[in-house]
Amino acid sequence: MKRWKVAFFVLAAINLVTFVLILSFLFIPTNVGVEQEKKVNVQEDGNVPFLIRTQKTDLTNLINHYLEKEAQQENLQYSVDLQENVYVNGTIKAFSKDIQMKLFLEPVVTDNGNVQLLVQELSIGQLKLPVSYVLKYMNNFYELPNYVVVEPNEKRIQINLDEVTFDNGLSARAKSFDLKNDDITFTLFVPLP
């Protein structure tokens with residue numbers, strides 16, 4: 001066979017192999033450089049969970065803003081300060097006078113994402129009062145949001161986050177509430193449209 005015929009068939013074979021390779025590269029799916037599409041973790045109730053980590057100062061500002069909006073009472077005005085523990089400072093109207101109130105609380109996250117505030121100390125003015133007595137008084141005479149449950153005998157205030165849904169449908173559960181290490185983590189649930 002002549003050299004040009006051999007060269008022709010070799011060149012035709014190279015072209016055919018190149019053409020087949022190009023076609024196979026076009027039709028074979030690739031994962032190189034592209035993340036696989038992941039399924040969105042949707043809860044049974046149609047919400048998508050997001051893990052939110054915050055700091056004491058930011059959460060203090062958010063809580064106080066929410067309290068200003070929600071607590072529309074003239075007899076009880078208070079603010080929250082997150083430091084090593086939770087401090088609630090406020091005023092109570094009694095005997096036609098404003099009396100300073102201070103609560104010293106220790107937060108605990110429950111298994112269902114709610115927060116318990118264990119009352120360590122409570123004082124009105126300079127007088128330290130029996131915690132269970134004052135909590136019972138607060139529970140009977142002050143209108144608190146539905147999701148706040150005062151348990152005088154256990155000396156705690158339960159914040160049922162599982163009963164709170166914001167106007168936009170968002171809800172949250174506590175994951176960690178370690179104020180000493182400034183590790184405050186919540187799961188925020190966003191409803192799908």
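These legends describe close-up views of one predicted model.

Residues are numbered from 1 along each chain as its sequence is written. The model is predicted, so to speak of a local feature takes pLDDT of at least 70 and side-chain atom pairs count only at pLDDT 80 or more, while totals for chains, interfaces and linings use all residues; side-chain values use heavy atoms, without hydrogens and water.

**View 1. The chain has three helices and ten strands.** Helices (H or I, at least four residues) and strands (E, at least two) are DSSP runs, numbered from the N terminus. Their order along the sequence is α-β-α-β-β-β-β-β-α-β-β-β-β. Of the 193 residues, 30% are buried (under 20% relative accessible area; exposed is over 50%, partly exposed in between; 1.4 Å probe, protein chains only). Contact means heavy atoms within 4.5 Å. Among contacts between residues at least 6 apart in sequence, 41% join residues at least 24 apart.

**View 2. Tyrosine 87 and phenylalanine 104 form a stacked pair.** Rings of Phe, Tyr and Trp (its six-membered ring) pair if their centres lie within 6.5 Å; planes under 30 degrees apart count as stacked, over 60 as edge-to-face, and the rest as tilted. The structure holds two such pairs. Here the centres are 5.4 Å apart, with 25 degrees between the planes. Tyrosine 87 sits in strand β3 (residues 86–94) and phenylalanine 104 in strand β4 (residues 97–109), 17 residues apart. Tyrosine 87 is partly exposed at 27% relative accessibility. Phenylalanine 104 is also partly exposed, at 24%.

**View 3. Phenylalanine 177 and phenylalanine 186 pair edge-to-face.** Their ring centres lie 6.2 Å apart, and the planes meet at 85 degrees. Phenylalanine 177 is buried, at 14% relative accessibility. Phenylalanine 186 is buried at 14%.

**View 4. Val86 and Phe177 touch the most other members of the largest nonpolar core.** This core has 31 residues. A nonpolar core is a set of buried Ala, Val, Leu, Ile, Met, Phe, Trp, Tyr and Cys residues joined through side-chain atoms within 4.5 Å. Beyond its neighbours within four places in sequence, valine 86 contacts residues including Leu103, Phe104, Leu117, Phe177 and Leu179.

**View 5. Helix α2 (residues 56–70) gives the largest share of the lining of the largest pocket.** That share is nine residues. Among the 41 lining residues, Ile63, Tyr66, Tyr147, Ile159 and Leu161 are the closest to the pocket centre. On a 1 Å grid over the protein atoms alone, a pocket is an open set of points where a 1.4 Å probe fits, with protein on both sides within 12 Å along at least five of seven lines; lining residues have an atom within 4 Å of a point.
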